[in-house]
Amino acid sequence: MAITIDLTIPLKREFEKANKQFEEAKAKGETEEAKKVAMVCCNILIQLAKSDPNKKLNYLEAARSYKNFADSGPKHESSTAPISNFEQTREEQKDLAGYAESLISKSTVTWKDIGGLDTVKVRIMETIVIAGLKKPLVIKPDKGILLFGPPGTGKTLLAAAAAGSLNATFFNVKISNVLSKYFGESTKLITALYETARKKQPSIVFIDEFDSITLSRDGESGDASRKVLSTLLSELDGFQDKKSDELLLTLAATNAPWDLDEAILSRFPLRIYIPLPDPTTCREIIKIQLKGLDITSLNLDRLADTCIKKNYSGRDIQFLCQEALRSMIRVHNPDLYKKSELPFEELKKQTLNVGPIVTEYFQSAFEKVKSPLTPKDIERFRKWNEEFGV
Ligand SMILES: Nc1ncnc2c1ncn2[C@@H]1O[C@H](COP(=O)(O)OP(=O)(O)OP(=O)(O)O)[C@@H](O)[C@H]1O
Ligand SMILES: [Mg+2]
């Protein structure tokens, strides 16, 4: 249950005090003093408008009347309070906060949906538990974990499971989108994103394609990504220090960890290699992908061996199983396409025939699914992990 602290109370008191001074100066005919204090009142009202969006317009209207007073007659130096700028900024903030909110996605993935990857699963679970428990001040949960590895190995899935298992707010961020959509404003977006994530804790911020932040180092776009990077790094440095029982975990994922520099790596002391699945993981992924169907006749060990030989990722295994499923459907539902003439409402009343999944279905599937990875690629990950992984 969230507790809301009313920040407007001290501001209102401050305003009352300033307003009294303003009225007194006016009564005494001290116009210059009154103008100065009018600007103080105006600024407090702007702060109040920021703190209480429901009464924003009332506060801004009042602020404007003080500003008009301060602007009347010869111009006073401090009378340039940016009410219109503030209004613009509010709009901009609303827009950015709106975009930050649009990055929130609902995750229904749970730890059970992930085969293998036990070390990283346990590490993330520990982080979550530590964040929740009462603990001495010096013990802080991990703030950021870097997940690196070949495509399709379950990095996104891990982040989704972390969020899904906790029912946490899940921010799914692609750096390239942030940079292109809010070019120039990207740093503000990162700030807005973390502000929203802090408000909606427990939160998991998943930053995908993390390496793309370092790709364009030259020119204007390089400048923008450097700024985004430094904002992001300072968010990683700063948050979670105040309230120790909240969770804001940043999971960053990359397929090109070698593009990340020292500054980034130092903020991610935990760099976890998400490799291609080992035989046990292959078997688990096949079982997950074929859940609910009869697979008793399959020799899972043999299938897993072939997956390993073919350098399959979890995603490749997913495609493999989908191919096998398609074969099963064709075998048990001949001329299925002919039903396409039926009205959809009629289709909804009928049931698809399913049968056991047999090894035969996998033969053509193995031919169709090809891993894009070469042994050289895999070796590069292995070496980087040896040097920089944890
Ligand atoms: N360990 C796993 N357990 C179960 N399914 C997996 C696993 N790894 C991959 N998959 C399957 O592969 C799909 C792709 O995985 P995911 O999107 O998490 O990969 P990724 O590592 O984020 O890839 P990329 O680097 O391309 O973004 C998942 O939706 C899932 O079906
Ligand atoms: Mg991914």
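Mentor: Gladly, and a definition comes first: two residues are in contact if their C-beta atoms, placed from the backbone, lie within 7 Å. Helices (H or I, at least four residues) and strands (E, at least two) are DSSP runs, numbered from the N terminus. This is a predicted model, in which local features need pLDDT of at least 70 and side-chain atom pairs count only at pLDDT 80 or more, while totals for chains, interfaces and linings use all residues. Residues are numbered from 1 along each chain as its sequence is written, and chains are lettered from A and ligands numbered from 1 in the order in which they are written.

Trainee: Which residues of helix 6 do Val 120, Ile 124 and Ile 128 in helix 5 meet?

Mentor: Helix 5 covers residues 118-132 and helix 6 covers residues 155-166. Sorting uses these classes: Ala, Val, Leu, Ile, Met, Phe, Trp, Tyr, Cys and Pro count as nonpolar, Asp, Glu, Lys and Arg as charged, and the others, Gly among them, as polar. The partners in helix 6 are Leu 158, Ala 162 and Leu 166. The residues of this contact of helix 5 with helix 6 divide into no charged, no polar and six nonpolar.

Trainee: At what angle do the axes of helix 5 and helix 6 cross?

Mentor: Axes are lines fitted to C-alpha atoms, for helices over the stretch in contact, and angles run from 0 to 180 degrees between N-to-C directions. The axes of helix 5 and helix 6 come within 11 Å and cross at roughly 40°.

Trainee: What is the strand order of the open sheet?

Mentor: Two strands pair if DSSP finds at least two bridges between them. Strand 1 (104-105) and strand 6 (270-273) stand at the edges with a single partner strand each, so one side of each has no neighbour in the sheet. The six strands, with mixed pairing, have the order 1-3-4-5-2-6.

Trainee: How many residues of strand 4 are buried?

Mentor: A residue is buried if 20 or more other C-beta atoms lie within 10 Å of its own, exposed if 12 or fewer, and partly exposed in between, with C-beta atoms placed from the backbone. Ser 203, Val 205 and Ile 207 point one way from strand 4, while Ile 204, Phe 206 and Asp 208 point the other way. Strand 4 is largely enclosed by the rest of the structure, because the buried count is six of the six.

Trainee: Which residue of strand 4 stands opposite Asn 172?

Mentor: Strand 3 (residues 169-174) and strand 4 (residues 203-208) pair in the parallel sense over six bridges. On the side of strand 5, strand 4 pairs in the parallel sense over five bridges, with Ile 207 opposite Ala 252. For Lys 174 the bridge partner in strand 4 is Asp 208, and for Asn 172 the residue opposite is Phe 206.

Trainee: Is Gly 152 buried or exposed?

Mentor: Gly 152 lies in the loop between strand 2 (144-148) and helix 6. Not counting residues up to four places away in sequence, Gly 152 touches Ser 313, Gly 314, Arg 315 and Asp 316. Gly 152 has 23 C-beta neighbours inside 10 Å and therefore counts as buried.

Trainee: Where does Leu 117 lie, with its positive phi?

Mentor: Most residues other than glycine have a negative phi, and most peptide bonds are trans. Phi of Leu 117 is near 50°, and Leu 117 is buried, with 27 other C-beta atoms within 10 Å. The place of Leu 117 is the loop between strand 1 and helix 5.

Trainee: What is the peptide bond from Gln 201 to Pro 202, cis or trans?

Mentor: Pro 202 is found in the loop between helix 8 and strand 4. With omega near 0°, the bond from Gln 201 to Pro 202 is cis.
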